[in-house]
Amino acid sequence: MDFATIIAGLGDALTPLNLLFVVAGVAAGQLVGALPGIGPVMAIAIAIPFTFVFDPLPAIAFLIGVMKGGLYGGAIPAILVNTPGTPDAAATALDGHPLAAKGKPLKATKMALFASVTGDTFSDIVLITVSAPLAVLALKMGPVETCSLIVLAFAVMSGLVGQSLTKGLIAAVFGLLCATVGLDPEHGTPRFYFGHFELFDGLPLVSVAIGTLAVSEIFRRLAGMTMAIRAAIEIPDTQAPEDRRVSWAEYWECRFTMARGALIGTVLGAIPGIGSTAAAFMSYAAAREASKDPDSFGKGNIQGIAATESANSAVMGANLIPLLAIGIPGSVSAALLISAFKTHGIQPGPLMFEQQGRLIYGLFGAMIMANACNLAVGQFSLRFWSRIVSAPESLIFSVSLILCIAGVYMATGGMFGVAIMLIFGVVGYVMTSLGYPAVVFLIAFFLGGQFEQSLSQTLVILNGDVMALIHFPIALALLVLSAVTAGWLVRRRDRRRASSSTDETVF
Amino acid sequence: MLNILNRLQGAVVALGGVVLYFFVIPHHTEVVDYGWVRPQTLPAICAVALVLFGTIDALFLTGGVSLPSSEAARAALFVVLTGGALFAMDRLGYLAGAFALALLVMLTVGERRPGWIALGALAAPAVVWSIAVPLLGRTLP
């Protein structure tokens, strides 16, 4: 890719209109992140249909803003009311809430903001520098390697996301099965359309995603609601100036903690299936381990906030590395971005760098802008978000439900898509209740079509002879890696089970 | 009780795989006699995998389940409410259905404050409609 494309792409991003979209996205992300129960994933799922009318770059810039804003926004209720707005903010509550309870809520939330922006910026730099060379490598891969890579992605995700490998596999198989609805890729014959010709194109991506992620969670929250309003803490007006801000000395003191967190988040984020929650807890544990005063963790240590927020935010940029380099989503948010890309006629993957280079660098420019906006919006709107925390859930979830309906109707162009959304809302609720990882289901559903097509091409290339794989060393290595990964996950699970049963005996 | 439910859901998955293999796939896919990956190939693999993993799950109890009956019943009520609202939207339009859905949901969860109800059941659907139809130029039912 030439330098002019890079400059042109960055130039496309740096326009007042895009800045407006990024600011709006960041503000919306922080707002929904601050609402317990509505994380950035649900916000992106709801927002995608509303962005269809915009040009690709402003639309993607807005969604990137929602993702980045949401990651920080989740820390606000975690710190203020000990109710994490997003699962990855749960680790932030460990030290954030005790610090707020000591009368320093502004210091705690500002440290979360600074650490979040630091971690996010680090992972964006890694994304920008690593994804293009990786894409060049990925372009050398044919259908055989692509098929093996998807098998590896399934092996990694099924084991890591759920409590049980078997249930993870069942969820992945169910996702694959749902992806077979519609015309089959090799022969073009219809499957499982049950008389509904709308299903010739397959189950609508937006309906399945919003149903499984957002609607099922809304039903769960509404069903579990016992009171209409949540209690929020007040931010005292008479705080000492040093308690209202994070000094440069305090920020600099956390530099190694944030660097470690950013590194952990970036490495884990680049591996498909490992979420930001794991990164946050791993970084927290590492910071506690490295600290000279580990006992202060859990009692309002600012280093604990820096560790968790830098790690969970670093996951976001790194999640896009497999998406942009090889076309495989690293997380549900990335998978949702795929549906946004596809809606705008863009096929994610290594060819994007060749065919849509300008857009990719526009996206990178928007990500850098979003980091700056996250810092600015977070600084000025903290008091407003802290009031939002006290909005009644009855209002939040009823509004979310009507937003989902409107969004899916606009995306699919009819009530059929909305009905599919409702069905998958029920499916998502049941799956989650029975311990099946809905995330694995969804990613398998996203990858299913590509998997069947590459499998079909692979068998044609190999002429049905599995032994011919020996001529494809990369594919073979990936398949071996898949088997090793699955084996390692089973052993790790057994060890954990054994250690947890020992703990139960001790206590 | 939860263990029984856990075993039962594994058995249901396995049974679903059997039904899929013997009844659904033959009736809802075309028979093609050429090519390596035929229309029935991947669904059949999925069906066999469901039988296998469902049986393992039923026999060896992996993972946990959390499905309190009272919560599930309330969730079912919200599903029915949403389904009814979608029917109303199809017949009477988005605004009528959304007003009714938001109002019923808020009342069902115990919200009684007129201000919040007005905001959720009247203002919010109107704002969503205003953004979608006049502003973005899209259609709603």
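Chain B is split by its domain assignment into domain 1 (2-60) and domain 2 (69-135), with such bounds coming from an automatic or database domain assignment. The centres of domain 1 and domain 2 of chain B, taken over C-alpha atoms, lie 37 Å apart. Please keep in mind that this is a predicted model, in which local features need pLDDT of at least 70 and side-chain atom pairs count only at pLDDT 80 or more, while totals for chains, interfaces and linings use all residues. Residues are numbered from 1 along each chain as its sequence is written, and chains are lettered from A and ligands numbered from 1 in the order in which they are written.

**Chain A at a glance**

- Chain A holds 22 helices and 2 strands; helices (H or I, at least four residues) and strands (E, at least two) are DSSP runs, numbered from the N terminus.
- Of its 507 residues, 63% count as buried, a class that requires 20 or more other C-beta atoms within 10 Å of a residue's own, against 12 or fewer for exposed and partly exposed in between, with C-beta atoms placed from the backbone.
- Take the contacts in chain A between residues at least 6 apart in sequence: 79% of them join residues at least 24 apart. Two residues are in contact here if their C-beta atoms, placed from the backbone, lie within 7 Å.

**Where the chains meet**

- Chain A brings 53 residues to the contact and chain B brings 55 residues.
- On the side of chain A that touches chain B, the elements giving two or more residues are helix 9 (165-179), helix 10 (205-223), helix 19 (393-412), helix 20 (415-433) and helix 21 (438-462) of chain A.
- Helix 19 of chain A gives the most to that side, with 10 residues.
- By class, that side of chain A has 33 nonpolar, 14 polar and 6 charged residues; Ala, Val, Leu, Ile, Met, Phe, Trp, Tyr, Cys and Pro count as nonpolar, Asp, Glu, Lys and Arg as charged, and the others, Gly among them, as polar.

**A:Ile402 and B:Val128**

- Leaving out residues up to four places away in sequence, A:Ile402 touches B:Ala98, B:Leu101, B:Ala102, B:Ala124, B:Pro125 and B:Val128.
- B:Val128 sits in helix 5 (residues 114-135) of chain B and counts as buried because it has 22 C-beta neighbours inside 10 Å.
- B:Val128 and B:Ala98 are 30 residues apart along the chain, and 9.7 Å separates their C-alpha atoms.

**The largest nonpolar core**

- A:Ala45, A:Leu63, A:Ile210 and A:Ile402 touch the most other members among the 213 residues of the largest nonpolar core, a core being a set of buried Ala, Val, Leu, Ile, Met, Phe, Trp, Tyr and Cys residues joined through C-beta atoms within 7 Å.
- Helix 15 (residues 302-326) of chain A supplies the largest share of this core, 15 residues.
- Domain 1 (2-60) and domain 2 (69-135) of chain B both give residues to this core, so the core lies between them.

**Helices 10 and 21 of chain A**

- Helix 10 and helix 21 of chain A pack at an angle of about 175°, with their axes 10 Å apart; axes are lines fitted to C-alpha atoms, for helices over the stretch in contact, and angles run from 0 to 180 degrees between N-to-C directions.
- The two helices are therefore roughly antiparallel to each other, a label for angles over 145 degrees.
- A:Val208, A:Ala209 and A:Thr212 in helix 10 of chain A meet A:Ala438, A:Phe441, A:Leu442 and A:Phe445 in helix 21 of chain A.

Key:
Parallel < 35°, antiparallel > 145°, perpendicular 65-115°, else oblique.
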